[in-house]
Amino acid sequence: MFFGVLISLYTSRLILASLGETDYGLYNVVGGLVSMFAVLRSALSTAVGRFQSFALGRGDMRGLQDAFTGSLIILAVLALLVTILMETVGLWFMNSHMTIGAERMHAARWVFHCSMLSFVSSTLMIPFSASVVAHEKMDAFAFIGIFEILFRFFVALFLAYSLYKGDKLIIYGILTLFFTLVVQAIYVIYCRAHFAECRILVKPDKKVFKGIVGFASWSFLGSTAGVINGQGVNVVFNMFYGPTLNAARGVSESVNTVVINFVRNFMMALNPQVTKAFAAKEKDYTISLIKRGTRFSFYIMLFLGVPIFLEADFLVNLWLVDVPKHAIVFIRLVLLRSYMEILSSVLQMGQSATGNIRNYQIVTSMISLLVFVFSYLLLKFGYAPEATYIVAIVISFLLIIVNALFVQHSVGLPFKEFLRDVVLNVIYVTIPSVAIPVLIALLMDDGWVRLILVCVASVMFSAFCILFVGCNKGERTFIFNSAKSFLARFRKNNPVSDV
């Protein structure tokens, strides 16, 4: 995983250096325009994953087939409708309202069309990737993830070192589209070879259509809020500051994505377990999964997030040739936002598992949209762009409370129990974990020595505090036994010969 982080960060460095700050920002904002219309896909992805995992939890194989076929038909219709909308309204908005120089408009249109086709491919991929996750075949998912990292790396190498003299922004958009199509093909081949339900039924159950569409309709609100808060704020940045600030935001989100992907991989494996446990009516186990999953998601983030937060300036200057203005502060603020969001993520899984999400999505979406509203107002009235991240952090904290209250009602996890066993737990772990690394960062100058000391101190103190403050006796025993088992297998496979 650490190797993957290094490759991903170096890939971003090569791409930024090859495209330049302006084109890199342009790619982010134009691709972001397409992502804004991908909100329906995100909502349907959540619905597909929930219905497939729920059917598996109940052992309903016919329901699993209905869910796959129904979702594929719905997503195909969605892809067609969004393509028509994007190639009309989307192009009009880009041509008339976005800050793009006339000399780069041709390249921007290429990026737009490639992003649109990537959207279509990714949309049709959803039922297949959801099947992999629902069956908890995380080894296959990890293999495809490694392939994605390496493919992006080779694309970056091509941009940086090839003799190609054409427009690199255009070729980057084309190669990204090709990469998406290859990943889609891998998912289709794997799923058809391993999962019997990945076949289209002639007459799927109409109730499944209604169930998926109904669930997705309410998930749409949450997905809309998420996309507007992400890509919507990106477009607002472009309107007030131009592509340069989009580049800084793109750098910060790239760093955050690399870090948060570790947590997402863990949560992706956890999500079907929560849904299956709820479907099997195992209430105590469902609550245990939610509490433990939230804590350990935060712990994983703690390992990587603290060194990057403290050493952001040194690391980014090592990573990038030209560091966009505001990038360092953006990185630190987006990491703080992610810490808040992690504490809500597993709670959202618990609520989704119930299928009862109408009121939940209405309330949480309205609160989430305040990020975009306040961000626009703050920038309009002349506040620094960092203010938008501070708003996002405050709103994310409020959503922790709201999510916990909903899960208390729907799943049965008491609010006070969540505060005691999860929130206070991670606070007790975090404070002593960061104390020594912060002290080192304050007392020493930037450099390799400080970086190494901060990383070592962060890992050591975090591991100690997680084990002896954050974990109960049973969890510690499980971790120690797993470590012993791993070492035993390692020694067996790598015997040391006597000299």
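I started on the surface: Leu-318, Ile-436, Val-438, Leu-439, Leu-442, Leu-443, Trp-448, Ile-452, Val-456, Met-460 and Phe-461 form a nonpolar patch with about 1,100 Å² of accessible area together. Patch rule: residues with over 30% relative accessible area and no salt bridge, nonpolar side chains (Val, Leu, Ile, Met, Phe, Trp, Tyr) joined within 5 Å and like charges within 9 Å. Areas are Shrake-Rupley with a 1.4 Å probe, and for residues only the protein chains shown count as cover. A salt bridge means a Lys or Arg side-chain nitrogen within 4 Å of an Asp or Glu carboxyl oxygen.

Helix 15 (415–443) and helix 16 (448–470) each give two or more residues to the patch. Helices are DSSP runs (H or I, at least four residues), numbered from the N terminus.

This is a predicted model, where local features need pLDDT of at least 70, side-chain atom pairs need 80 or more, and totals for chains, interfaces and linings use all residues. Numbering runs from 1 along each chain as its sequence is written, and side-chain values use heavy atoms, leaving out hydrogens and water.

I checked pLDDT (the predictor's confidence in each residue, 0 to 100): the chain mean is 83, and 93% of residues reach 70 or more. Helix 1 (residues 2–36) is lowest at a mean of 72, helix 15 highest at 94.

Next, rings: I found 15 aromatic pairs (Phe, Tyr or Trp six-membered ring centres within 6.5 Å; planes under 30 degrees apart are stacked, over 60 edge-to-face, the rest tilted). Phe-298 and Tyr-339 are tilted, 5.3 Å centre to centre with 50 degrees between planes. Both are buried (under 20% relative accessible area, 1.4 Å probe, protein chains only).

Definitions and conventions: Buried means under 20% relative accessible area, exposed over 50%, partly exposed in between (1.4 Å probe, protein chains only).
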